[in-house]
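Dear colleague,

Please find below the structure that I promised to hand over. My notes on what was found in it follow directly after.

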Amino acid sequence: MESYHGQLLSEGTRRFLERPRRMLIGAEWVEAASGETLAVVDPANGEKFASVPAGGAADIDRAVAAARRAFESGDWPKMRPVDRERLLLKFADLVEANAQELAEIESLDNGKPVTMARHVDVALVVDFLRYMAGWATKIEGSTMDVSVPIIRDREFFGFTRREPVGVVGAIIPWNFPLLMAAWKVAPALATGCTMVLKPAEETPLSALRFAELALDAGYPAGVLNVVTGLGHTAGAALASHKGVEKVAFTGSTEIGKLVGKAALDNMTRVSLELGGKSPVIVLDDADVSAAAAGAAQAIFFNQGQVCTAGSRLFVHKSRFDEVVEGLSGIAAGMKLGAGIDPTTQIGPLVSATQQKRVLGYIESGFAEGARAATGGAAGEGAGYFVKPTVLVDTTDDMKVVREEIFGPVVVAMPYEDLDEVARRANDTPYGLAASIWSNDLSRVHRLIPKIQAGTVWVNCHNILDNAMPFGGFKQSGIGREMGRAVLDLYTESKSVIMAL
């Protein structure tokens, strides 16, 4: 780490790493009630470089109480929509001013290339904060002429209000720690909610720096609280807390089901953005080089640790060999390295556990008859690297085809016609995203309605826009983030009928 500190890290990042890192509860930076800590490990070399408090149920109780006080009293509930808008804009300005530091923290913590973190993750955070700031002044109800048919001799007036749901508990994953925090925090603050944020134990640092900037922006004490800790302790306590009105979760389908069940016991509102096994469908008229490059971006972006990763590649049999050859060439030429190195193209996976998981899937593919056109093994060095891998000779019933791997591994399979590929693309419990590669818009438009996915990209993949709702079909989740739709997750609709 000393070489990183001396050569590759900015002064701001070095200062952040040198000072004690504590949790934010109210306006205070505190240790865990237990006094215990969690190690933060650099996935590029397996070395501990920081620690954070290991918060538990007692700390969640304190944070929820602080969020409740802030929601019900003090300056926050008195703020007008325009004041919430201005706070979010100031918050965005501070994130933008500290973009390089946040990108370096994210890279060290997660392993992702720092250049990507700076120009994708942090840039998207800034844009999303500003986008949601605009919604703070546009949360509307409606008026209506009500009939009340059983009472004919009186007049009535009806209207609806959108009100903040209350205290929100947010549990976010380790693949896009800062961006996922923003996806939860921004709409909560825009609508007037307060929040307790629990970042993933593998990647807690950017959430703490994010919270520092929120305080600098002027948010009142308790509006945003951050509790670091393990999922089965702090996360479970937050999901089941009786003082929380809404739980927002992003992560695996397996854990999402547990969160949903815990929330249901209290009738807590819940939104779940979960896993995926997204198909990339290449039609026979597609540009081969563009399709190969697109397929590479779809699966190797963020080391394949993306819920929308294009992990199943379906190519028309007439173009299959060409696309696989092009994709394999791109994969073989990618530079593996520490994320903090600006020349790195693909970094390590987030942890030793994740590396072992991904390599286990590759081995299961080999055992069932798959073959690696490229990759198929761990990368060199002490870090948690996996070489970009393209598996061929796979069938729809293989484990590597059925289950979410969450790593730089794609299975490539030929198909013959649109009906076949639509059926096979949908043959999964997931339905988060898909992409279609073709210039024949007639066939593309016929195929889109057949694909069971919350997002369908055409001649691109992993493209997001703040105005477009994001979420999944089937076991890929409940609810939609971003766009106008996200306001429904953080507000309640109240109907009012008034006798005149």
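In these notes, buried means under 20% relative accessible area, exposed means over 50%, and partly exposed lies in between (1.4 Å probe, protein chains only). The model is a predicted one, in which local features need pLDDT of at least 70 and side-chain atom pairs count only at pLDDT 80 or more, while totals for chains, interfaces and linings use all residues. Residues are numbered from 1 along each chain as its sequence is written, and side-chain values use heavy atoms, with hydrogens and water left out.

The chain as a whole

The chain contains 16 helices and 22 strands; helices (H or I, at least four residues) and strands (E, at least two) are DSSP runs numbered from the N terminus. Its radius of gyration is 24 Å, close to the 23 Å that the globule rule gives for 500 residues, so the chain is as compact as a globular protein of that length. That radius is taken over C-alpha atoms, and the globule rule is 2.2 Å times the number of residues to the power 0.38. The C-alpha trace spans about 75 × 65 × 40 Å along its principal axes.

Of the 500 residues in the chain, 58% are buried. A contact means heavy atoms within 4.5 Å. Among contacts between residues at least 6 apart in sequence, 73% join residues at least 24 apart.

The nonpolar cores

In soluble globular proteins, nonpolar side chains tend to be buried together. A nonpolar core is here a set of buried Ala, Val, Leu, Ile, Met, Phe, Trp, Tyr and Cys residues joined through side-chain atoms within 4.5 Å. The largest such core has 104 residues, and those that touch the most other members are Phe 91, Val 95, Leu 197, Phe 210, Tyr 219 and Leu 313. A second, separate core of 28 residues includes Tyr 361, Val 400, Val 401 and Val 421.

What does Leu 197 contact, leaving aside its neighbours within four places in sequence? Its partners are Ala 170, Ile 172, Ala 181, Val 185, Ala 207, Leu 224, Asn 225, Val 226 and Val 227.

Helix H3

Helix H3 covers residues 57-72 and holds Ile 60; Ala 63 lies in helix H3 as well. Ile 60 is buried, with a relative accessible area of 0%, and Ala 63 is buried at 0% relative accessibility. With neighbours up to four places away in sequence not counted, Ala 63 touches Ile 25, Val 196, Asn 225 and Val 227. Under the corresponding exclusion of neighbours within four places, Ile 60 is in contact with Val 196, Val 227, Ala 234, Ala 237, Leu 238 and His 241.

Helix H15

Is helix H15 (residues 418-425) mostly covered or mostly uncovered? It is mostly covered, since 6 of its 8 residues are buried. The buried residues are Leu 418, Glu 420, Val 421, Ala 422, Arg 424 and Ala 425. They pack against strand S12 (279-282), strand S13 (312-316), strand S16 (409-415) and helix H16 (441-447). Val 421 in this group is also a member of the second core.

Leu 349 is found in the loop between helix H12 (320-332) and helix H13 (352-367). At 1% relative accessibility, Leu 349 counts as buried. Beyond its neighbours within four places in sequence, Leu 349 is in contact with Pro 43, Asn 110, Gln 303, Gln 305, Gln 354, Gln 355, Val 358, Tyr 384, Val 386 and Pro 408.

Val 456 is found in strand S19 and counts as partly exposed, at 26% relative accessibility. The C-alpha atoms of Val 456 and Ser 435 are separated by 5.4 Å, although the two residues are 21 residues apart along the chain. Leaving aside neighbours within four places in sequence, Val 456 is in contact with Ala 434, Ile 436, Ile 448 and Ile 451.

Two positive phi values

Most residues other than glycine have a negative phi. Asn 462 has a positive phi, near 60°. Asn 462 is found in the loop between strand S19 (455-458) and strand S20 (473-474), and counts as buried at 13% relative accessibility. Lys 474, also not a glycine, has a positive phi of about 50°. Lys 474 is placed in strand S20 and is partly exposed, with a relative accessible area of 38%.

With kind regards
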